[in-house]
Amino acid sequence: MLNIEMCGISFKNPVFLAAGVMGETGAALKRMAKNGAGAVCTKSLGLEKRSGHRNPTVVEVEGGFLNAMGLPNPGVKEYIRELEGIRDYLKRIDVKIIGSIYGKDPREFSEVAEILEPYVDLLELNISCPHAGGGYGAQIGQDPDLSHKVVSGVKDSVKIPVMVKLTPNVSDIKEIAVAVTEGGADAITAINTLGPGMVIDIRTGRPILGNKFGGMSGKAIKPIALRCVYEIYSVVDVPIVGVGGITTGHDVVEFMMAGATAVQVGTGVYYRGYDIFYKICKELEEYLTENNLKIKDILGKAHEF
Ligand code: DHB
């Protein structure tokens, strides 16, 4: 009942693990897969290893979390070993793997994409980290021409589907959505973290995060994510993967009504535990059964008004 097709790939359900959460190791991805995710996404991977920002890298705030990890990862070549260890198992239980990648320019993105392609089912281009600096992340995703170049470069380099993850921190997300689609994006993931924001320790006056600023995730950003999905759906024909504050099956229904074919859950894992994927799928299924609906009946429904 919950199976979907997207970018020519079938998924047993539309509830995926988002990038950056429980994606540091193969063992963590396997755990999320065992807990019912339809697909799991790696931590964003780059060409070279990065140790990331100083601690603390995560702080809880009202309605969510701020994080500034600083793209820590062992480098794509080293990370591949994590995927080799879980690939067969994930295939057996029919959980797809999304490889999240970053780079500082179109060439670097394409190089990482080529290295990772044999080990994943889809790629997700992270052009939207709000605090990466150095030409990475949102510095790309806020520039339609550069976003277009990154996507078309990767599309020329690989055969598997390419999703592009957008930042909400732009004045017109529709413009970026159109640019990446014209660059050849097979799907759009929306949204990455909002902000950045900050928290200050009033005993000392010191900003809490090692990086001072961090991107906001969690329940409080859900209305913004939903509006972004709605706007993107109104201007492009590619599938949209909604992400931002999703914790329940009802949240998924809302995202589907805005235009999402599938969703990703990140911060929700902290709120409801590792088995959040099973819980959300059960709630979604109950909603559909009770209302005698199929997923295709609710996709984009909010645009009728
Ligand atoms: C990080 C944070 C993000 O929001 C993102 O998209 C990528 C990386 C990080 O701090 O590692």
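Predicted model: local features only at pLDDT ≥ 70, side-chain atom pairs only at ≥ 80, totals over all residues.

Trainee: Okay, α9: how many of its residues are buried?

Mentor: 7 of the 10, so α9 is largely enclosed by the rest of the structure. The buried ones are G249, D251, V252, V253, F255, M256 and A258.

Trainee: What do they pack against?

Mentor: The buried residues of α9 pack against α8, β15 (240-243), β16 (260-265), α11 and α12 (295-298). Contact here means heavy atoms within 4.5 Å.

Trainee: At what angle do α9 and α11 pack?

Mentor: About 65°, with the axes of α9 (residues 249-258) and α11 (residues 276-290) 7 Å apart. Axes are lines fitted to C-alpha atoms, for helices over the stretch in contact, and angles run from 0 to 180 degrees between N-to-C directions.

Trainee: Which residues meet there?

Mentor: G249, H250, V252, V253 and M257 from α9 meet I280, E283, L284 and Y287 from α11. By class, that contact has 6 nonpolar, 2 polar and 1 charged. Ala, Val, Leu, Ile, Met, Phe, Trp, Tyr, Cys and Pro count as nonpolar, Asp, Glu, Lys and Arg as charged, and the others, Gly among them, as polar.

Trainee: Now α7 and α8, what's the geometry?

Mentor: Helix α7 (residues 173-182) packs with α8 (residues 222-233) at about 50°, axes 9 Å apart. They are therefore oblique to each other; angles under 35 degrees count as roughly parallel, over 145 as roughly antiparallel, 65 to 115 as roughly perpendicular and the rest as oblique. I173, K174 and A177 in α7 meet R227, C228, E231 and I232 in α8. That contact has 4 nonpolar, no polar and 3 charged residues.

Trainee: Switching topic, which residue does UniProt list as "active site"?

Mentor: C129, from an unreviewed entry. UniProt positions are in the numbering used here, feature names are shortened, and annotations may be inferred rather than shown by experiment.

Trainee: Where is C129, and is it buried or exposed?

Mentor: C129 lies in the loop between β8 (122-126) and α5 (138-141). At 10% relative accessibility, C129 counts as buried. Leaving aside neighbours within four places in sequence, C129 is in contact with G137, A138 and N192.

Conventions
Residues numbered from 1 in each chain as written. Heavy atoms only, no water. Helix = DSSP H or I, 4+ residues; strand = E, 2+ residues; numbered from the N terminus. Buried < 20%, exposed > 50% of the residue type's maximum accessible area, 1.4 Å probe, protein only.
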